[in-house]
Amino acid sequence: MPTIAVIPGDGIGKEVMPFGVQAVDVAARRHGLDVEFDHFDFASAEYYQEHGRMLPEDWKTVLGSYDAILFGAVGCPAVVPDHVSLWGSLLQFRRHFDQYVNLRPCRILPGITSPLRDKGPGDVDFLVVRENTEGEYSNSGGIMFEGTQREFAMQETVMTRVGVDRVMEYAFDQAMKRRRKVTSATKSNGISITMPYWDRRFSAAAVRHPEVETDQFHIDILTAHFVQHPEWFDVVVASNLFGDILSDLGPACTGTIGVAPSANINPTGEFPSLFEPVHGSAPDIAGQGIANPIGQIWSGAMMLDHLGAEDCGKEIEAAIESVLRAADTAVLTPDVGGTGNTETLGRAVIEALN
Ligand code: NAD
Ligand code: IPM
Ligand code: MN
């Protein structure tokens, strides 16, 4: 019986999470799989206000005992500065549980209009494989001479050979299961040490996988190609920061970031992996009940895939697609042109699963 730690977090994380949990539960039960969920209120602004920290002291042991973590979103800048809440929760999870791959599929779903002219389902279908534990998110650096004319802030990018090679290996493995193409995001013309190093390790990985076609683009033009030629891409491997940017841009090209899922994976299985929508807590719409719940539900499907229940994951994806294909405006959320809300769309997916 798989055990899941459920952490809704802040804002719309709390609103979409019930549908993620329900979808996983219904799909699993249909296959005779009993999933146990434990809900946690930490990693939220309320918890921070009460305890002065984002997580309990024993979070590593508590969360480490689960098979997987289903996560909503953290961030409530009105109460806690973002770097404090995120470095006090999600970024700790990714690092401590060595979730070195952040897998973020981007696909135009039926019934959703892409903002790209003439693009529909099948035209945009790629995976962003984002390095998730180092790179630009090193947390190494500091502010010196604070308060003086000489004040400066510096933060280093760290790329370890092990860290870069393992995420590239994962990207090439994914490409072998798809259209056998890997694109690398780089910026080795301007960032003169770490990015040429990234390129070198990419070339070494390409040599190990001669059956996979490769190319690389500087991140600036790559963002343009995402918009103008999304069909060029199958698997895109990127450093932590570039992967972060590409994984909002990709879903935006598919119509809405609200449907985008992600899997923060510890491929060795030593630690639990974490599944969460790509979007954040969306303070601008939090409390209105209109957030699109599909990113959270699809993340639940990715969690079931990871736990070996691929049939259940596929059923959830099929349920999402069937509801979207029906394109009932009264059911869809406003981000995809509907007049419905989180409840109508979430419930429709759950009903389609039954
Ligand atoms: P965001 O993803 O929260 O919101 C960006 C825009 O997309 C907003 O206009 C929002 O209304 C819209 N949006 C996002 N999800 C949606 C959904 N499911 N349905 C409909 N519309 C949706 O990004 P942001 O505004 O940069 O960040 C807000 C807060 O969330 C910040 O505190 C940020 O640090 C945090 N954040 C957390 C995560 C995470 O926990 N993984 C990810 C991104 C941002
Ligand atoms: C994401 C988010 C996080 C990141 C933030 C909230 C720290 O944007 O999961 O994409 O940058 O990784
Ligand atoms: Mn992001």
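1. For what follows, Ala, Val, Leu, Ile, Met, Phe, Trp, Tyr, Cys and Pro count as nonpolar, Asp, Glu, Lys and Arg as charged, and the others, Gly among them, as polar. On that basis the shell around ligand 1 divides into eleven nonpolar, eight polar and four charged residues.

2. This is a predicted model, in which local features need pLDDT of at least 70 and side-chain atom pairs count only at pLDDT 80 or more, while totals for chains, interfaces and linings use all residues. Residues are numbered from 1 along each chain as its sequence is written, and chains are lettered from A and ligands numbered from 1 in the order in which they are written. The pLDDT, which is the predictor's confidence in each residue from 0 to 100, averages 97 over the chain, and 100% of the residues score at least 70. The model scores ipTM 0.99 and pTM 0.98.

3. Ligand 1 is surrounded by 23 residues, the closest being Gly75, Gly258, His279, Gly280 and Asn292, where a residue is near a molecule if its C-beta atom, placed from the backbone, lies within 6 Å of it. Around ligand 2 stand Leu86, Leu91, Asp244, Val278 and Gly280, a shell of three nonpolar residues, one polar and one charged.

4. Val349 touches Phe19, Ala23, Ile297, Ala319, Ile320 and Val323, if residues up to four places away in sequence are not counted; two residues are in contact if their C-beta atoms, placed from the backbone, lie within 7 Å.
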